[in-house]
Amino acid sequence: NGNTGTSAVVSNELAQRYNCKNTNEATFPLKQGSRGWQVEIVQRICNYLLLPPYTHISTDGIWGSNTEVAVQQTLNKTQITESDFYGLITVYGNKI
């Protein structure tokens with residue numbers, strides 16, 4: 001399937017562009033229990049948006065309870081679809 005190959009290349013380029021520590025590939029929607037570089041980018045975006053009294057979360061690429069709270073507080077979501085993810089990259093990608 002050519003689309004999968006193209007998608008993998010785009011994903012690899014994004015993971016490299018953002019110098020992600022977690023090189024695993026997550027599946028969408030991203031939600032509690034998800035692991036991968038896409039989660040790491042969402043965590044970075046949440047940290048960019050988090051205001052006191054909330055503290056920054058770990059950017060380890062693992063969607064645990066702290067990521068869950070941060071995503072709810074900053075993005076008002078409990079999961080991130082692929083469309084949401086690329087929208088976030090478009091808006092905040094140059095800020096993280």
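E40 is buried, at a relative accessible area of 0%. Buried here means under 20% relative accessible area, exposed means over 50%, and partly exposed is in between, with a 1.4 Å probe and protein chains only. Before going on, the basis: this is a predicted model, where local features need pLDDT of at least 70, side-chain atom pairs count only at pLDDT 80 or more, and totals for chains, interfaces and linings use all residues. Residues are numbered from 1 along each chain as its sequence is written, and side-chain values use heavy atoms, with hydrogens and water left out.

Back to E40. Which residue does E40 form a salt bridge with? The partner is R44, and the closest N and O atoms are 2.7 Å apart. A salt bridge is a side-chain nitrogen of Lys or Arg within 4 Å of a carboxyl oxygen of Asp or Glu. Both E40 and R44 lie in helix α2, 4 residues apart, about one turn of the helix. R44 also counts as buried, because its relative accessibility is 18%.

By this rule the count comes to 2 salt bridges. The other joins D84 to K77, with the closest N and O atoms 3.7 Å apart. Here D84 counts as partly exposed at 23% relative accessibility, and K77 counts as partly exposed at 32%.

Now the helix itself. Helices are DSSP runs of H or I with at least four residues, strands are runs of E with at least two, and both are numbered from the N terminus. Helix α2 covers residues 37–49, and its 13 residues should span 18 Å at 1.5 Å a residue. That expected span is 1.5 Å times one less than the number of residues. The end C-alpha atoms of α2 are 19 Å apart, which agrees. Of the 13 residues in α2, 11 are buried. Among them are W37, Q38, V39 and N47. C46 is another, buried with a relative accessible area of 0%.

Next, the core. A nonpolar core is a set of buried Ala, Val, Leu, Ile, Met, Phe, Trp, Tyr and Cys residues joined through side-chain atoms within 4.5 Å. The largest one has 23 residues, and those with the most contacts inside it are L30, I41, V42, I80 and F85. Two or more residues come from each of α1 (2–17), α2, α3 (65–75) and α4 (82–92). Helix α2 gives the most, with 6 residues. In soluble globular proteins, nonpolar side chains tend to be buried together.

What does I41 touch, leaving aside its neighbours within four places in sequence? The list is Y18, C20, F85, I89 and I96, where contact means heavy atoms within 4.5 Å. C20 counts as buried, at 10% relative accessibility.

T67 counts as buried at 3% relative accessibility. With neighbours within four places in sequence left aside, T67 is in contact with Q43, I57 and I62.

Last, the whole chain. There are 4 helices and 0 strands, in the order α-α-α-α from the N terminus. Of the 96 residues, 39% count as buried. Among contacts with a separation of 6 or more, 51% are between residues 24 or more positions apart. The accessible surface, by the Shrake-Rupley method with a 1.4 Å probe, comes to about 5700 Å², and 49% of that belongs to carbon and sulfur atoms. The structure holds 0 disulfides, a disulfide being a pair of cysteine sulfur atoms within 2.5 Å.
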